[in-house]
Every structure is written in C-alpha cells, then in structure tokens.
Amino acid sequence: MSVCNVCDYNLNLDEETKSVLSKEFTTADGHVYKPIATIRIPKINIYYPVLSETTEELLKKAPTKFMYGEPNEVGNFCIAGHNYRNKKFFSKVPTLEN
C-alpha cells in the first residue's frame, strides 16, 4: 500500500481539510486506511476524503485512488467513486453545468 500524507506537504490547508485527512477508515477484516487526498466540488456540496486503495468495501465508505500517480505529483491521479443516486458521493454530478 502506498500512502501519501498530504499534510506533510507545505500546503496551507484549512482546518476542515486537515480534519478530513486525519480520519481513519477500518474495513471488516481490520485493515485501517487513511485518506491521501480530498475531493471538493463546492457547487454541488461535495467534500470527501480519497482513500489509498480501491475495494468494493472501501468504495462504500469514500472515493478511492483507482490508478496512476499520487496526489501532488506530476501526471494523472485517477479516482473511483459510486453514484448511489441518494445524494451521496457523486450522485449530484449530473446537475453540474458548464
């Protein structure tokens, strides 16, 4: 598991972001995952941690890193997340306008 502690970067993170990044998520088998980034889309009130690995169980808790590089690195950082059509995670993305 590759973990990038975003708080170690010399960024001016607000307290809300620091709070989200300090959360831990535990799976049924006892593995603990910490967020490696956050995703924020203010127009549709999305603000979630991004977890370091993708599994079906973790996708029920938060968006996850799907593939490629790490946050704050040059290149692509691909995330995965569900659209439960219940105002959770990415269900409100279709309401965005260009």
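N45 is an exposed residue in this predicted model. Its relative accessibility is 63%, so it clears the 50% cut-off for exposed. N45 lies in the loop between β3 and β4, the latter spanning residues 46-51. Its backbone stands out too. N45 has a positive phi of about 55°, yet N45 is not a glycine. Most residues other than glycine have a negative phi.

## The overall plan

Now step back to the whole chain. The protein contains two helices and six strands. In sequence order, these elements run α-β-β-β-β-α-β-β. There are 98 residues, and 33% of them are buried.

The surface can be described by its atoms. The accessible surface of the protein comes to about 6,600 Å². Carbon and sulfur atoms account for 48% of that area.

## Two salt bridges

How many salt bridges does the model hold? The count is two. The table sets out their partners.

| Salt bridge | N to O distance | Relative accessible area, Lys | Relative accessible area, Glu |
|---|---|---|---|
| K34 and E24 | 3.5 Å | K34: 45% | E24: 48% |
| K65 and E70 | 2.6 Å | K65: 13% | E70: 11% |

Start with K34 and E24, whose side chains meet at 3.5 Å. K34 sits in the loop between β2 (32-33) and β3 (35-41), while E24 sits in the loop between α1 (15-21) and β1 (25-26), so this pair ties together parts that are 10 residues apart in sequence. Are these two side chains' residues buried, exposed or partly exposed? K34 is partly exposed, at 45%. E24 is partly exposed as well, at 48%.

Next come K65 and E70, with 2.6 Å from N to O. K65 has a relative accessible area of 13%, which is under 20%, so K65 counts as buried.

## A nonpolar patch

Which residues make the nonpolar surface patch? They are F66, M67 and Y68. The patch covers about 330 Å². Y68 belongs to strand β5, which spans residues 64-68. Its relative accessibility is 55%, so Y68 counts as exposed.

## Rings and charge

The structure holds one aromatic pair. There is also a charge over a ring: R40 lies over the face of Y47. The distance from R40 to the ring centre is 3.9 Å.

E57 is found in helix α2, which covers residues 56-59. E57 is partly exposed, with a relative accessible area of 30%. Which residues does E57 touch, once neighbours within four places in sequence are left aside? E57 is in contact with T27 and A28. Another residue from that stretch gives a distance to check. E57 and T26 are 31 residues apart along the chain. Their C-alpha atoms are separated by 9.8 Å.

Key. Residues numbered from 1 in each chain as written. Predicted model: local features only at pLDDT ≥ 70, side-chain atom pairs only at ≥ 80, totals over all residues. Heavy atoms only, no water. Helix = DSSP H or I, 4+ residues; strand = E, 2+ residues; numbered from the N terminus. Buried < 20%, exposed > 50% of the residue type's maximum accessible area, 1.4 Å probe, protein only. Areas by Shrake-Rupley, 256 points an atom, 1.4 Å probe, with all protein chains shown as cover. Patch = residues over 30% accessible without salt bridge, like charges linked within 9 Å, V, L, I, M, F, W, Y side chains within 5 Å. Salt bridge = Lys/Arg side-chain N within 4 Å of Asp/Glu carboxyl O. Phe/Tyr/Trp six-rings, centres within 6.5 Å; stacked < 30°, edge-to-face > 60°. Lys NZ or Arg CZ within 6 Å of the ring centre and 35° of its normal. Contact = heavy atoms within 4.5 Å.
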